[in-house]
Amino acid sequence: MTKINSLDELNFDNRFIRELPADLETKNECRQVLNACYSNVSPTPVREPKIAAVAKEVADLLDLREEVCVSEDFAQVFAGNRLANGMKPYATCYGGHQFGEWAGQLGDGRAINLGEVVNQQKQHWTLQLKGAGKTPYSRRSDGLAVLRSSVREFLCSEAMHHLGVPTTRALSLVLTGEHVLRDMFYDGNPEHEQGAVVCRVAKSFTRFGHFQILTARNDLDLLKKFVDFTIRADFSELGEPSPAVYLKWFEAVCKRTAEMIVHWQRVGFVHGVMNTDNMSILGLTIDYGPYGWLENFDLNWTPNTTDAEMRRYIFGKQAKMAGWNLAQLANAIIPLIQKVKPLQAILDDHYTQNFQNLWSKMMTEKLGLPDFQETDEALITDLVQLLQSVETDMTLFFRQLAKIDMSQTNFDIKPFETVYYSPEQLNENYKNSRLEWLKRYQQRLQESKISETQRSKLMNATNPLYVPRNYLVQLAIDNAEKGDFAEIHKLLDVFRSPYEERADLQKYAEKRPDWAKERAGCSMLSCSS
Ligand code: AMP
Ligand code: MG
């Protein structure tokens, strides 16, 4: 396959703006955008674009040669200073429920789509700059993004992909040379930070909120048009749009969402802001804001300080909240179907029940068991309780469990030594419960006749060793803010093979050091980005 030598050779087929109606107003001013799905708007030029990092796997998706990705032109285009041939920038209109309340029009306030690239495999990939300036949807904000949040989005999108979690991708991280004012904790201490732009890449960036806003405005013709467009573009296997196909489509969205959340629970990812405007219709993880990775297993944890009181989007509630969001999507498409019951039935079967089945299967795989049996339910519930009862590093626990030789009658639990944050919590009571649980686990393994080699193989393919621990990413940010991007490149590389243990990467597989426990950016984040 020949690769592309210049960004001007990218092949664009901009279906979204060709087939859906545009905002007739062209001034870049904040407004309510009615009877339209998007506004034409150009990125704001910046002073001094500088490439910090490029993900080569994403460049490959776009057939870009490596030389292109280090060129000055690449920096200019992906900072928003130049449009390559075929790029037609636009921001889309969506609404959403934020923390349970209908928020009206939101939209791409700091995201500008550049168009849809068709690669040599005939796949459509939408390119989207995040942090490239104001749009009609920016409301009272500046449309910009700071370096710290851009590093977080860039690294985590790619890490998630390599972990096998459905996600939007990140092509590039480019510094703008501009300063951006941010009050990181909304406490009256704003500071100037470096600006950056991430180029995100996905089959589509359509969110639940894109449909919700149209129904909320009773723009039902456009609702139908947008749903039909989405089905033809991204769900063509379902057939030509019709009321029956709308139901099939909702079923597919329910299934994909269930799969995505099961992956989040598997790897210990907490999104932080699961508002309906942050839910992808393709079941992709989207909008990396105040997300975090579980250190000690804690169902009640969220890194998002904005949600510290309500605790709506904590680790243990992500499945429930995704179900709530799907119910809002169902409400939005009722006018197309005119019946509530079939939507409710799909939600129950293909989300709630399906999630439960997938989750049980995933948890048995985390334990190296080949199948899920009724009796495993108690084994799993009791394990969750055990993990929750003392501060246990989730990632290390499962990797170390795989290292214990369960074929021995008197198995040696030494591998667990490294998994606890507060060893003083390990009282007799806990130790007894742990031993009792391990014996039940051993019994179950013996009944299943799985060999120790097969067990650890399945476990190590399900339980990652290298995840974007909050403090690891923060260390890369600290260096990046001083102009040193080497740690970003290193982490990008480490996260490429998250399941394969490598002796030289030991320091990336360690539990959170004490200094990081209370440090801003490591354990606490806000929506300010
Ligand atoms: P989020 O909670 O980050 O998903 O964002 C909610 C809404 O706020 C979306 O419509 C975003 O586009 C918008 N938004 C967030 N940050 C900014 C910003 N710096 N400038 C303009 N709009 C923003
Ligand atoms: Mg968002």
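This is a predicted model: local features need pLDDT of at least 70, side-chain atom pairs count only at pLDDT 80 or more; totals for chains, interfaces and linings use all residues.
Residues are numbered from 1 along each chain as its sequence is written, chains are lettered from A and ligands numbered from 1 in the order in which they are written, and side-chain values use heavy atoms, with hydrogens and water left out.

The chain is divided into domain 1 (7-208), domain 2 (219-365) and domain 3 (366-462), with bounds that come from an automatic or database domain assignment. The centres of domain 1 and domain 3, taken over C-alpha atoms, are separated by 43 Å. The chain contains 15 helices and 11 strands; these are DSSP runs numbered from the N terminus, helices being H or I of at least four residues and strands E of at least two.

The radius of gyration of the chain is 24 Å, which agrees with the value near 24 Å for a compact globule of 529 residues. This radius is taken over C-alpha atoms, and the globule rule is 2.2 Å times the number of residues to the power 0.38. Along its principal axes, the C-alpha trace spans about 75 × 55 × 55 Å. Of the 529 residues, 58% count as buried, where buried means under 20% relative accessible area, exposed over 50% and partly exposed in between (1.4 Å probe, protein chains only). The chain exposes about 21800 Å², of which carbon and sulfur atoms supply 50%; accessible areas come from the Shrake-Rupley method with a 1.4 Å probe, and for residues only the protein chains shown count as cover. Among contacts (heavy atoms within 4.5 Å) between residues at least 6 apart in sequence, 73% join residues at least 24 apart.

Helix 5 (residues 208-216) is largely enclosed by the rest of the structure, because 8 of its 9 residues are buried. Among these buried residues are Phe208, Phe211, Ile213 and Leu214. The buried residues of helix 5 pack against strand 3 (90-92), strand 4 (95-98) and strand 5 (101-105), as well as helix 6 (220-234), helix 7 (243-267) and helix 8 (318-337). Helix 5 is followed by Asn218, which has a positive phi near 60°.

Most residues other than glycine have a negative phi.

Two other loop residues were examined. Thr44 lies between strand 1 (38-40) and strand 2 (50-54) and is partly exposed, with a relative accessible area of 37%. Not counting residues up to four places away in sequence, Thr44 touches Ala79, Gly80, Asn81, Ala132, Gly133 and Lys134. The C-alpha atoms of Thr44 and Thr135 are separated by 9.5 Å, although these residues are 91 residues apart along the chain. Asp183 is placed in the loop between strand 8 (169-182) and strand 9 (191-202). With the exclusion of residues up to four places away in sequence, Asp183 touches Gly188, Asn189, Pro190 and Ser528.
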